[in-house]
Amino acid sequence: MRWKKMFMGLIPLAGGLAGTYALYMEDTELLHALLWCTVGVEGICMSIFDLIKIRMCGTQIYGTFIKSRESRSNKMQTVIPTFRYTYGGVSYENESNEEVPLNMAKNYESGHTYPIYICENEPYLYITDRKNYGLIIFQIIIGIFIIVTAWL
C-alpha cells in the first residue's frame, strides 16, 4: 500500500502550497480555512482507505498470532499485530495492514489462532477486524464537519 502513503503525503503538500499562497496574499482567514480543510480532507481520505481495506480484505482465514509492535505518534499509541498464516499453499508471516489504537487492541496470546481477513489478490495484506464501519463513517462525518465549519 505504498501508493496510500504517497497520496496521503500529497494532501499536506497541497495544503502547504495553498497556505503559502494565503500567506503571500496576507489573508489569514484563507490560511485558517485551508489549514482546517487540509485536516478534514486528510481524515476523510484515511477513513476512505480504511473502507477500501475492509472491502478488499474479505476472505476469512485463521492465523497464528506471533507478536505485536507498539507505535507512538504524538499522544496516540497504536498496536500492529503480526500473524503467521498459509493461503494458497504459501506461508506468510507479516504485520497487519492496520494500526489499532491501544485501548481498542485485542488481547492476543502468542501461539494461539485467531480469525484474520486477507485480500485474495494480495494475500500478504490482511486486517484483523471488519467491524469498524460505524467508527469509519463517524470519522468521515467529522471530516466533512471540519471542512464545512472551516469556511463559515
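Visitor: Why is Glu95 called partly exposed?
Guide: Buried means under 20% relative accessible area, exposed means over 50%, and partly exposed is in between (1.4 Å probe, protein chains only). Glu95 has a relative accessible area of 33%, so Glu95 is partly exposed.

Visitor: What should I know about the model itself?
Guide: This is a predicted model, where local features need pLDDT of at least 70, side-chain atom pairs count only at pLDDT 80 or more, and totals for chains, interfaces and linings use all residues. Residues are numbered from 1 along each chain as its sequence is written, and side-chain values use heavy atoms, with hydrogens and water left out.

Visitor: What makes Glu95 and Arg69 a salt bridge?
Guide: A salt bridge is a side-chain nitrogen of Lys or Arg within 4 Å of a carboxyl oxygen of Asp or Glu. For Glu95 and Arg69 the N to O distance is 2.7 Å, and their side chains meet in a salt bridge. This pair links distant parts of the chain, with Glu95 in strand β3 (residues 90-95) and Arg69 in strand β1 (residues 59-73), 26 residues apart. Arg69 has 39% relative accessibility, so Arg69 counts as partly exposed.

Visitor: How many salt bridges are there by this rule?
Guide: The count comes to three. One of them joins the side chains of Arg84 and Glu93, at 3.0 Å from N to O. Arg84 is at 41% relative accessibility and therefore counts as partly exposed, and Glu93, at 46%, counts as partly exposed too.

Visitor: How do you know that Lys53 and Asp50 form a salt bridge?
Guide: Their closest N and O atoms are 3.4 Å apart, and they form a salt bridge. Both lie in helix α2, three residues apart, about one turn of the helix. Helices (H or I, at least four residues) and strands (E, at least two) are DSSP runs, numbered from the N terminus.

Visitor: Is Lys53 buried or exposed?
Guide: Its relative accessible area is 8%, so Lys53 is buried. Asp50, at 24%, is partly exposed.

Visitor: Why does Glu26 count as exposed?
Guide: Glu26 has 70% relative accessibility, so Glu26 counts as exposed. Glu26 lies in the loop between α1 (2-24) and α2 (28-56). Although Glu26 is not a glycine, it has a positive phi of about 55°.

Visitor: Which residues form a nonpolar patch on the surface?
Guide: Leu10, Leu13 and Leu17 do, with about 310 Å² of accessible area together. Patches are made of residues with over 30% relative accessible area and no salt bridge: like charges are joined within 9 Å, and nonpolar side chains (Val, Leu, Ile, Met, Phe, Trp, Tyr) within 5 Å. The areas come from the Shrake-Rupley method with a 1.4 Å probe, and for residues only the protein chains shown count as cover. Leu17 is found in helix α1, and with a relative accessible area of 56% Leu17 is therefore exposed.

Visitor: What makes β1 and β2 a pair?
Guide: Two strands pair if DSSP finds at least two bridges between them. Nine bridges join β1 to β2, which run antiparallel. For example, Thr64 has Arg84 as its bridge partner in β2.

Visitor: Which residue is the bridge partner of Thr64 in β5?
Guide: That partner is Thr113. β1 and strand β5 (residues 113-118) pair in the antiparallel sense over six bridges.

Visitor: How many bridges join β2 to β3?
Guide: Six bridges join these antiparallel strands, and Thr86 stands opposite Ser91 in β3. In their hairpin, which has two residues between the strands, Gly88 takes a positive phi near 65°.

Visitor: Which residues make up the largest nonpolar core?
Guide: A nonpolar core is a set of buried Ala, Val, Leu, Ile, Met, Phe, Trp, Tyr and Cys residues joined through side-chain atoms within 4.5 Å. The largest has 10 residues, including Ile61, Phe65, Phe83, Tyr92 and Tyr114. β5 gives the most to this core, with three residues. A second, separate core of eight residues includes Ile54, Tyr117, Cys119 and Ile127.
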